[in-house]
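Please find below a short briefing on one protein chain, intended for use beside its sequence and structure.

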Amino acid sequence: MVRLGAFLRGTFGLPKPDKQAVDRVKDLARSALETAPDTAFAVNEIACNDPGCPGIETVILVMEPGRKTRALKIAKSLDDVMEQDIIGALDP
């Protein structure tokens with residue numbers, strides 16, 4: 001049911017994901033990647049209707065000063081992302 005809710009949020013423009021869930025994933029990314037304190041993160045949950053897409057995925061943008069922005073894509077809903085998923089996304 002969580003996945004359906006995430007899909008509907010993206011498809012029909014319903015409310016964005018819970019701020020606490022976004023902050024939880026940002027904290028996980030900060031811990032997993034051991035980045036500098038001034039690194040910024042953007043976390044979004046995206047629903048894709050294309051047959052080649054996993055359906056729901058979480059995209060984490062890692063913006064480190066002086067470096068190119070990295071995008072980590074995880075084929076899970078925001079609520080299901082764990083630290084090992086973030087580490088796994090580093091080595092596609």
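Predicted model: local features only at pLDDT ≥ 70, side-chain atom pairs only at ≥ 80, totals over all residues.

Residues are numbered from 1 along each chain as its sequence is written, and side-chain values use heavy atoms, without hydrogens and water.

**Overall fold**
- The protein chain contains three helices and three strands, in the order α-α-β-β-β-α from the N terminus; helices (H or I, at least four residues) and strands (E, at least two) are DSSP runs, numbered from the N terminus.
- Of its 92 residues, 30% count as buried.

**Helix α2 (residues 19-33)**
- Ala-21, Val-22, Val-25, Leu-28, Ala-29, Ala-32 and Leu-33 are buried in α2.
- These residues lie on the same side of α2 because they cover an arc of only 125° around the axis, taken from the directions from the helix axis to the C-beta atoms.
- The buried residues of α2 pack against β1, β2 (56-63), β3 (70-74) and α3 (83-89), where contact means heavy atoms within 4.5 Å.
- After α2 comes Glu-34, with a positive phi near 50°.

**Glu-45**
- Glu-45 belongs to strand β1 (residues 40-47) and counts as buried because its relative accessibility is 15%.
- Glu-45 and Lys-73, 28 residues apart in sequence, are 9.7 Å apart in space, C-alpha to C-alpha.

Technical notes
Buried < 20%, exposed > 50% of the residue type's maximum accessible area, 1.4 Å probe, protein only.
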